[in-house]
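This briefing covers a few strands and one surface patch. Look at the structure below before reading on.

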Amino acid sequence: MISAISWVPRGAAKLVPVEAEPPTQEEIDEAIKTIAQHAEGGSDADEDDEGNGDMEVDGEAEVEEVDEVAQAKAAARALAKGSVDDVADELKELNMDNYDDEEEGIEIFSSGQGDLYYASNDLDPYLNKNDDDDDDDEEIEDMTIKPTDLMIVCAYNEDDVNSLQVNLLEETEDGDLNMFVHHEVPLADFPLCTAWMDFNLKGGDKGNFVAVGTMDPAIEIWDLDIVDEVQPHLVLGGHSKKKKKVKGKKAKKYKKGSHRSSVLGLAWNKEVRNVLASASADQTVKIWDVAVGKCAVTLEHHDDKVQSVAWSQQSPEILLSGSFDKTVAMNDMNDGGQSCHKWSVEADVESLVWDPHNEHSFVVSLENGMVQAFDKRTASSNSNSGRPTFTLHAHEKAVSSITFSPSTPNFLATGSTDKMVKLWDLSNNQPSCIASLNPKLGAVFSLSFSDDNPFLLAGGGSKGKLKVWNTLTEPAVANKFGK
């Protein structure tokens with residue numbers, strides 16, 4: 001399945017990706033050692049991560065929920081992948097399975113010149129075989145990104161394999177679009193959400209990174225300009241290696257500031273570029289300073305799982321969050337999030353988004369198939385702010401994802417677990433459906449318009465397929481928004 005999608009702005013990625021350094025033998029040995037320790041029941045002698053001496057522990061620490069042996073094995077497989085693949089290629093070339101079999105027509109006697117020796121080294125094909133470095137250069141050259149290509153990152157799961165797929169979308173001479181997987185990034189746990197960031201964690205002006213939230217409380221940040229990487233560049237929060245016994249059971253210990261449950265939503269602040277917001281099943285919202293890798297603020301204004309977060313583009317200090325407690329909250333981070341206004345909605349919040357063309361408006365999608373819009377100016381000091389500007393029965397099942405076209409006012413797309421994608425004209429706060437499509441994705445979990453081509457809509461769902469729809473091919477879309 002595909003659970004989340006993020007577009008990479010055109011020109012943000014390096015035209016020629018960097019190849020990751022292969023894992024050292026020490027790293028492989030350490031991974032194998034970790035697997036052995038977990039297989040024997042673990043060891044309490046593990047040291048904390050560097051700088052984690054002041055780790056926090058829940059009052060009632062949670063019992064181990066994740067199969068750490070499986071995670072360790074996955075890490076070892078990833079670390080050893082290069083070595084194992086090299087050995088497998090060599091064995092395949094030797095054809096050991098058929099080593100003793102004689103092929104028909106085989107020449108028993110020498111055919112003459114060249115079988116045993118060569119008059120000069122220049123005649124020996126083995127000495128003049130292309131170097132592996134040349135092969136590597138050719139492989140990297142094949143992965144070169146053209147300046148006109150678009151890149152889409154999707155969170156992917158199939159048969160217990162979790163990864164990020166980095167896809168290239170290229171336009172042919174006749175205007176058609178071809179999409180293929182450029183490279184994949186291995187993930188240790190089931191991915192739930194992503195957020196692309198251009199804040200350069202390695203120094204310099206801008207980078208090409210993506211933050212990933214999973215079933216694990218840690219947030220992984222990966223460098224998308226590196227291929228064959230097996231470790232994230234940065235991890236925010238997560239579990240400490242050291243555990244503490246609580247009532248006779250080994251309980252998890254968390255890094256300082258970490259979420260305590262799955263990370264369900266992520267939002268990067270495009271104006272304050274070192275800031276990332278996260279929503280979690282632990283009922284909290286956290287504000288991270290990725291420059292130092294620490295949690296700066298924890299917000300605890302919801303009473304149930306927090307599903308989605310979104311920064312205002314026009315007022316980058318304003319943060320929205322939507323929860324299963326059937327509320328949307330708005331926090332002003334100028335005062336550390338202390339001022340909070342809430343709107344009540346009809347059902348659990350699935351997704352929310354600011355209207356990029358109206359600084360006062362935001363739209364919320366709900367578990368009961370409804371979509372509601374609100375005006376932030378109706379916020380009041382009481383617990384129930386103003387009424388919605390419109391309420392729309394958009395789908396028969398949960399509306400899992402909503403997205404605005406970034407440069408086309410009043411153009412909204414909705415995706416649902418009813419397998420449908422619908423396009424809406426929101427003019428005058430009177431929504432009308434102008435196109436609908438069953439894209440054969442199964443239950444639709446994620447939709448996103450491209451910033452570079454505002455009519456390209458990417459979608460993913462339960463069938464594990466990523467599709468891109470040129471919505472301008474719909475006559476009603478062309479008539480209404482084509483100009």
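Is strand β7 (residues 206–214) mostly covered or mostly uncovered? Strand β7 is mostly covered, as eight of its nine residues are buried, where buried means under 20% relative accessible area with a 1.4 Å probe and protein chains only. This is a predicted model, in which local features need pLDDT of at least 70 and side-chain atom pairs count only at pLDDT 80 or more, while totals for chains, interfaces and linings use all residues. Residues are numbered from 1 along each chain as its sequence is written, and side-chain values use heavy atoms, leaving out hydrogens and water.

**β7 and its partners**
- Strands here are DSSP runs (E, at least two residues), numbered from the N terminus, and two strands pair if DSSP finds at least two bridges between them.
- Strand β6 (residues 191–199) runs antiparallel to β7 and is joined to β7 by seven bridges.
- Phe-199 has Lys-206 of β7 as its bridge partner.
- Six residues separate β6 and β7 in a hairpin, and Gly-203 in the turn has a positive phi of about 95°.
- Strand β8 (residues 219–223) is also antiparallel to β7, with five bridges between them.
- Gly-213 stands opposite Ile-219 in β8.
- The hairpin of β7 and β8 has four residues between the strands.

**A positive patch**
- Lys-397, Lys-419, Lys-440, Lys-463, Lys-465 and Lys-467 form a positive surface patch.
- Lys-397 lies in the loop between β24 (390–393) and β25 (399–404).

Note on methods
Patch = residues over 30% accessible without salt bridge, like charges linked within 9 Å, V, L, I, M, F, W, Y side chains within 5 Å. Areas by Shrake-Rupley, 256 points an atom, 1.4 Å probe, with all protein chains shown as cover. Salt bridge = Lys/Arg side-chain N within 4 Å of Asp/Glu carboxyl O. Lys, Arg positive; Asp, Glu negative; His and termini not counted. Charge placed at Lys NZ, Arg CZ, Asp CG, Glu CD. Buried < 20%, exposed > 50% of the residue type's maximum accessible area, 1.4 Å probe, protein only.
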